[in-house]
Amino acid sequence: MRLLWWEPMTNYRIIKVVLPVLLLAGCATSEISAFKEASCLDVLAQFDQHADDLGIVDAETSPVAGYRFLRANRNSVMLKKRLDGDDDGVADRVGLWRDWIAQMRGLDRETRTSIAARMPDALDQEAARAEECANQLADGLIPSSFADLSRAVFVPDDYRDFQRIAGFYPLSAILAHFGYETWKKDNFPSFHWSADQLWRAGDWIDYRVMDKDATDVASIAGRDKGEIPKDAFGQSRPDAIQLRLLAQKYAPVFRIKTQDSNDRVGMPVLPGAGQQADVDVETPVIFYRLSHTRFDGQWLPQIIYTIWFPSRPAKGMFDILAGHFDGIIWRVTLGADGVPLMHDSIHACGCYHLFFPSSGLFRIKAPEDGDIRETAEMPAGYLTAAQVRHPVVWIDAVSHYVLAITAAGDAGKDRGSVLAALEPERLLTRLPYQDGNGVGSLYSDSGFVPGTDRAEWIVLWPMGIEKPGAMRQWGHHATAFVGRRHFDEPGLFDRYFVPADD
């Protein structure tokens with residue numbers, strides 16, 4: 001039985017777990033009986049061994065050493081700091097303990113769900129027992145174990161210092177800096193073009209989700225009278241239905257200059273095991289996920305949207321940026337009042353990080369502003385209220401660079417328009433093979449989309465980023481070649497912005 005993507009997260013069943021070949025035939029009954037009697041740690045160890053034997057890995061989050069039932073992301077690391085206010089290794093705010101554990105247990109549940117879905121000939125009983133055991137072990141953790149657990153909650157960054165040392169980074173970074181400055185000079189002027197200039201630049205197709213005007217906050221959370229639950233930290237915890245409706249409400253219109261099929265939005269598909277993924281442009285999809293950022297002392301929800309293109313075609317024989325697959329990630333950060341406070345974007349490689357703040361924010365001087373490190377670029381300045389609430393994201397052909405941000409309805413009448421499906425981004429870690437022989441992931445065991453490497457690594461490897469230009473899984477987007485920055489850093493905005501009324 002296959003997992004249904006629309007089931008609420010709390011009701012996920014981890015399915016499709018197979019016993020290794022050595023446990024087949026006559027020994028199966030006795031092995032299953034022994035499995036039932038095993039300790040919970042042994043149950044999880046056996047589940048993990050099955051995944052290892054089959055070579056199934058999900059690299060989105062980091063294992064917590066010594067705690068098989070938990071996984072961590074960069075938010076987990078910041079949350080632990082909230083528990084230990086004086087940094088003495090003791091949990092001072094024990095009221096936050098259970099929700100910290102629940103956050104990491106939820107990440108582990110998502111990972112096991114994706115892994116289990118890819119295991120052939122599943123035994124549902126084993127999968128259900130593994131999930132039950134993981135919950136039992138998490139429930140058994142108490143605040144006195146904070147010191148031990150907090151040391152194990154660690155997420156490595158996506159920079160390789162040895163590459164920077166070998167590549168004489170202090171010198172090579174200067175060359176990369178001048179290259180980035182040239183790119184900005186070539187590409188930022190379009191953010192100040194008029195509507196007529198934009199329309200005349202080419203043929204455009206809009207990709208949008210269903211009518212968002214029908215999706216108001218009351219209907220999003222109707223069953224709890226307009227309130228989306230929050231945990232003890234203050235992070236919003238919508239269920240799967242509420243999150244989908246939020247994603248409908250805040251989705252931008254992607255307006256794409258279209259020259260050929262490489263500029264059309266589609267659905268990533270896997271032909272078969274070990275084969276290179278493709279993008280089916282006959283099935284346009286906008287993917288979404290939830291995250292949180294901590295800004296000005298509050299946790300704010302973020303809706304992240306991703307679209308995929310078949311490729312970035314080469315403009316010439318020596319185009320080092322060209323390659324298979326291309327993607328845009330657009331993030332909406334909501335203020336406490338539910339109105340977007342910030343939009344920002346990257347390509348799916350982590351490159352070209354651009355910030356589009358509302359007038360409710362004020363850009364402060366950041367440490368990077370005084371040297372060659374990449375900083376928060378605002379090519380469109382502060383967005384108007386209409387642009388913030390109903391953004392249209394203009395995307396160039398071939399390069400798929402973001403060209404401009406306008407408000408829906410203020411750039412002339414809509415022309416070609418496509419209604420795109422809205423799907424959870426996690427779906428990409430459990431895609432059925434088109435040949436019917438199982439389920440796979442778009443991503444490799446190291447968090448890359450196989451076959452999307454770019455030749456730019458030849459000149460950019462000294463920047464310390466593995467496979468620069470390759471498409472990446474969430475949690476692995478290093479966004480600065482010169483400097484050090486990740487797209488999913490929960491304290492990122494505090495580095496560059498304060499509320500405008502401060």
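A residue counts as buried when its relative accessible area is under 20%. Keep that cut-off in mind for the second stop of this tour through a predicted model.

**Stop 1: the sheet.** Start by selecting strands β14, β13, β4, β3 and β15, shown here in their order across an open sheet of 5 strands with mixed pairing. Colour residues 402-407 (β14) and 416-419 (β15) to pick out the edge strands, each of which pairs on one side only. Looking across the sheet, you will find a twist that averages 25° from one strand to the next. Now zoom in on β3 (residues 204-208) and β4 (residues 253-257), an antiparallel pair joined over 4 bridges. Click on Ile205, and then on its bridge partner in β4, Ile256.

**Stop 2: a loop residue.** Next, go to Asn262, which sits in the loop between β4 and β5 (267-269). Is Asn262 buried or exposed? Its relative accessibility is 17%, so Asn262 counts as buried.

**Stop 3: two crossing helices.** Finally, select α2 (residues 40-54) together with α5 (residues 124-139), whose axes come within 9 Å and cross at roughly 130°. With that angle, α2 is oblique to α5. The crossing of these two helices, α2 and α5, is left-handed. To see the contact, display Cys40, Leu41, Val43, Leu44, Phe47 and His50 on α2, with Glu126, Arg129, Ala130, Cys133, Ala134, Gln136 and Leu137 on α5. Colour the residues of this α2–α5 contact by type and you will have 9 nonpolar, 2 polar and 2 charged.

Conventions. Residues are numbered from 1 along each chain as its sequence is written. This is a predicted model: local features need pLDDT of at least 70, side-chain atom pairs count only at pLDDT 80 or more; totals for chains, interfaces and linings use all residues. Side-chain values use heavy atoms; hydrogens and water are left out. Two strands pair if DSSP finds at least two bridges between them. Axes are lines fitted to C-alpha atoms, for helices over the stretch in contact, and angles run from 0 to 180 degrees between N-to-C directions. Buried means under 20% relative accessible area, exposed over 50%, partly exposed in between (1.4 Å probe, protein chains only). Angles under 35 degrees count as roughly parallel, over 145 as roughly antiparallel, 65 to 115 as roughly perpendicular and the rest as oblique. A crossing is left-handed if the near helix is turned anticlockwise from the far one by less than a right angle, and right-handed if clockwise. Contact means heavy atoms within 4.5 Å. Ala, Val, Leu, Ile, Met, Phe, Trp, Tyr, Cys and Pro count as nonpolar, Asp, Glu, Lys and Arg as charged, and the others, Gly among them, as polar.
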